[in-house]
Amino acid sequence: MYFEIEPKSRKQDFFDYDYEYGQVKKALQRKEKIIAVVGVRRVGKTSLLNLVYNETKCLKLWLDGRIVSEPKKELFAAIYETVKIGKPKIFGKIESLNVSAFGVGFGIKLSSESQTEIEKKIRTAGQICVFIDEAQRMKAKELADVLSYFYDRFPQVSFIISGSEIGLVEEILGQTDAEHPLYGRDIAKVVMERLDRNRSAEYLKAGFGQLGMKIHKEEIEDAVAELDGLIGWLTLYGYERGVKRSQNALAKTSQNAARIAASELVHFFKKVKNKKLYISILRNTDGIGWDELRSRTGKTMGEQLNPNQFNFALEKLSAYSFVEKKDQKYHLSDPLLQKAIFLA
Ligand SMILES: Nc1ncnc2c1ncn2[C@@H]1O[C@H](COP(=O)(O)OP(=O)(O)OP(=O)(O)O)[C@@H](O)[C@H]1O
Ligand SMILES: [Mg+2]
C-alpha cells in the first residue's frame, strides 16, 4: 500500500522511480564498488535502498550513518561481524520521517584477531553489499578513507550509500578534488528527483484507489500544489486523508510536515553562528539569482551584506540541501521550509 508512512520495503508499495531503482540494481549486478543514491529529504532514498537491500542475495549489512560515531573502526567491525555470522545484519533501525537516531553510536569493537586474519576472512566471504543510509552524518574524511581502502583492497565489497545533504555526500565522494582519497575511482551516482505535478497527482489517485476511495480532482490538485512533488509529504497526506480519514487532512499534513522540516532546521542552526542571516536567506530564496538574493537578504537584515559572508552561508544552505541551485537560480528544496522557518 502506498499510504503507509514507514519506508517502503516491497516493490509493489513503491511508486515509480523505476529508472533509479533499475540503475542501482544494475550497478550492483556489475559489482560496482561504490553506488551513491542522492536526493533531497523525503524523496524516497531510504525506501529505494530498503527495496534493493531486501532483494539482494549477497551477504549484506545495513548501517544508519547517524549512529556511527567512528567510521574507521565501526564500519570495519560491522562488516567483519556480518562475515562472521554469515547472515544479513541491520545496525540501527531503518527509519523514516523522524530524527530519533541522532548520535547514539553502536560501539562495536573489533575482535582480537589480527588484521591480516580479519582481512583474509572478509576477502574470502564472496560478494558483500554494505548499505549505508544517511552517509553524510558520518565524518566525511574518515568515511572516504574507509571507502577508498575497501575499494583498493576488497574488490568484492560494494557500498551503496545514500544521503540527503547532497553537498556533504559530494564531500565524501570528492570527485573534483585531486587530493581526495576517492579521486579517480569509479562511482555510480543515482540522483532521485521530485515527482512532477502529473506524477504527483497520479500517485495520490493510485494510493486512494488502493483504499477504494475516489477523491475530487480539485482536492488532489490542492494537495499537489501545496506539497510540491515530495513523495514523503504526499504519502503523509494520503495517510492522513485516506487511512486516518482526518478532517482538514491537507492543513494537518502541511503543519506536521513543517514541524518535521523545522526540527531539521533547528538542528542545522545549532551548527552555525549567524542564525539570522540563514533565516533571512531562506525567507528570500524564491527562484532568484545570486545578486538579487543577496540584495533582498540585505534588506531583510537591514544592512549591506559582505559578499563572502553571504556566499559562505548560501553555500552551506546548499550543502545541506535546504537550498538548490538550478540554472543559476536559487530555490528552496522544500516549499514547506517557508512555514518551517517560523517554527524553528
Ligand atoms: N516510491 C515511493 N512510493 C511510495 N511511497 C514512498 C516512495 N518513496 C518514499 N515513500 C514514502 O515517503 C516517505 C519518505 O520516504 P523515505 O524515508 O524513503 O525518504 P528519504 O529520502 O529517505 O527521506 P529522508 O531524507 O527524510 O531520510 C515514507 O513515508 C515512504 O513510505
Ligand atoms: Mg532516509
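## Strand β5 and its surroundings

Strand β1 (residues 34–38) runs parallel to β5, and five bridges join them. Two strands count as paired if DSSP finds at least two bridges between them. Strands (E, at least two residues) and helices (H or I, at least four) are DSSP runs, numbered from the N terminus. This is a predicted model, in which local features need pLDDT of at least 70, side-chain atom pairs count only at pLDDT 80 or more, and totals for chains, interfaces and linings use all residues. Residues are numbered from 1 along each chain as its sequence is written, while chains are lettered from A and ligands numbered from 1 in the order in which they are written.

Strand β4 (residues 128–133) also pairs with β5, in the parallel sense, over five bridges. From β4 the chain crosses through helix α5 (residues 140–153) to β5, and this β-α-β crossover is right-handed. Right-handed means that, with the strands pointing away from the viewer, the path from the first strand over the helix to the second runs clockwise.

| Residue | Partner in β5 |
|---|---|
| Ile-128 | Val-157 |

Strand β5 (residues 157–163) is mostly covered, with seven of its seven residues buried. Buried means 20 or more other C-beta atoms within 10 Å of the residue's own, exposed means 12 or fewer, and partly exposed lies in between; C-beta atoms are placed from the backbone. Val-157, Phe-159, Ile-161 and Gly-163 point one way from β5. Ser-158, Ile-160 and Ser-162 point the other way.

Ile-160 touches Val-24, Ile-35, Leu-49, Val-52, Cys-129 and Phe-131, leaving out residues up to four places away in sequence. Contact means C-beta atoms, placed from the backbone, within 7 Å.

Notes
Two residues are in contact if their C-beta atoms, placed from the backbone, lie within 7 Å.
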